[in-house]
Amino acid sequence: MTTTATANSSGGGSGRGPLAWITAPSPDINYNFISLMYGGGSALAVFLFGLEKALFGYYGITSTGSGAGAANTAADGDAGGNGEGDAGGDEEGALHEFTRQLEGLYLVFIPFFPCLLWSLAVRIRWLKGSSSQKDKKE
């Protein structure tokens, strides 16, 4: 029983440490595709974060809801407080509402960053293994 536990804790007998199995590539998986997808999710997180900061800066919105955006709602003559004003809605009100809905959306995609790092580490080992297999065939 201790032999099995020792073999499992040593990374399957690879001699690379107790956690080597985390970055051990599977031969049936294309890690280029996985890295690309995690990279896309990470890029989306960065894009959404930048878009949120740009739009919040444009409207002067803070986390408490004060700023130019809140002042403009009162200045529109909107008694209901929905940002539509007397004109029945304008594009700035719609974009302002979109900005509010965008708040914190980038947090959904934050887990892609550690997954991207993991997939790149596995991809490196996968590419080394596939190149060594090609050398053995020749």
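Is Phe49 buried, partly exposed or exposed? With a relative accessible area of 37%, Phe49 is partly exposed; its place is in helix α2. The model discussed here is predicted. Its chain contains five helices and zero strands, and 20% of the 138 residues count as buried.

**Overall architecture**

- Along the sequence, the chain reads as α-α-α-α-α.
- Of the contacts between residues at least 6 apart in sequence, 72% join residues at least 24 apart.
- The chain exposes about 9400 Å², and carbon and sulfur atoms account for 62% of that area.

**Helix α2: extent and ends**

- Helix α2 spans residues 31–59 and has 29 residues.
- From its first C-alpha to its last, α2 reaches 42 Å, which is close to the 42 Å expected at 1.5 Å a residue.
- The N-terminal end of α2 is capped by Asn30, which places a side-chain oxygen 3.0 Å from the backbone nitrogen of Asn32.
- Just after α2, Gly60 adopts a positive phi of about 70 degrees.

- The buried residues of α2 are Tyr31, Ser35, Gly41, Ser42, Ala45, Leu48, Glu52, Leu55, Phe56 and Tyr59.
- An α-helix has 3.6 residues a turn, so residues three or four places apart point the same way.
- Ser42 belongs to α2 and counts as buried because its relative accessibility, 3%, is under the 20% cut-off.
- Beyond its neighbours within four places in sequence, Ser42 is in contact with Phe112, Phe113 and Leu116.
- Ala43, also in helix α2, is partly exposed, with a relative accessible area of 45%.
- Leu44 is a further residue of α2, and at 33% relative accessibility it counts as partly exposed.

- Ala43 and Ile110 are separated by 67 residues in sequence, while their C-alpha atoms lie 9.8 Å apart in space.
- Leu44 and Phe109 are 65 residues apart in sequence, with 7.1 Å between their C-alpha atoms.
- The C-alpha atoms of Phe49 and Leu102 are separated by 9.2 Å, although the two residues are 53 residues apart along the chain.
- Thr99, found in helix α4 (residues 91–102), is buried, with a relative accessible area of 0%.
- Not counting residues up to four places away in sequence, Thr99 touches Leu55, Phe56, Tyr59 and Ile61.

**Nonpolar core**

- Which residues make up the largest nonpolar core? It has six residues: Ala45, Leu48, Leu55, Leu102, Tyr106 and Phe109.
- Helix α2 supplies the largest share of this core, three residues.
- Phe109, a member of the core, touches Gly41, Leu44, Ala45 and Leu48, leaving out residues up to four places away in sequence.

**Aromatic pairs**

- Four aromatic pairs are found in a search of the whole structure.
- In one of the aromatic pairs, Tyr31 and Trp126 lie 5.8 Å apart, centre to centre, with 65 degrees between the planes.
- The Tyr31–Trp126 pair is edge-to-face because the angle of 65 degrees is over the cut-off of 60.
- This pair links distant parts of the chain, with Tyr31 in helix α2 and Trp126 in helix α5 (residues 112–137), 95 residues apart.
- Both partners count as buried: Tyr31 has a relative accessibility of 4%, and Trp126 has one of 19%.
- Trp126 is classed as buried because 19% is under the 20% cut-off.
- Ring pairs also link Tyr38, Phe109 and Phe112 into a cluster.

- Tyr31 is listed among the buried residues of α2 and forms the edge-to-face pair with Trp126.

Conventions. Residues numbered from 1 in each chain as written. Predicted model: local features only at pLDDT ≥ 70, side-chain atom pairs only at ≥ 80, totals over all residues. Heavy atoms only, no water. Phe/Tyr/Trp six-rings, centres within 6.5 Å; stacked < 30°, edge-to-face > 60°. Helix = DSSP H or I, 4+ residues; strand = E, 2+ residues; numbered from the N terminus. Buried < 20%, exposed > 50% of the residue type's maximum accessible area, 1.4 Å probe, protein only. Contact = heavy atoms within 4.5 Å. Expected span 1.5 Å × (residues − 1). Polar contact = N/O pair within 3.5 Å; in protein donor to acceptor, adjacent residues only side chain to side chain. Areas by Shrake-Rupley, 256 points an atom, 1.4 Å probe, with all protein chains shown as cover. Core = buried A, V, L, I, M, F, W, Y, C linked by side-chain atoms within 4.5 Å.
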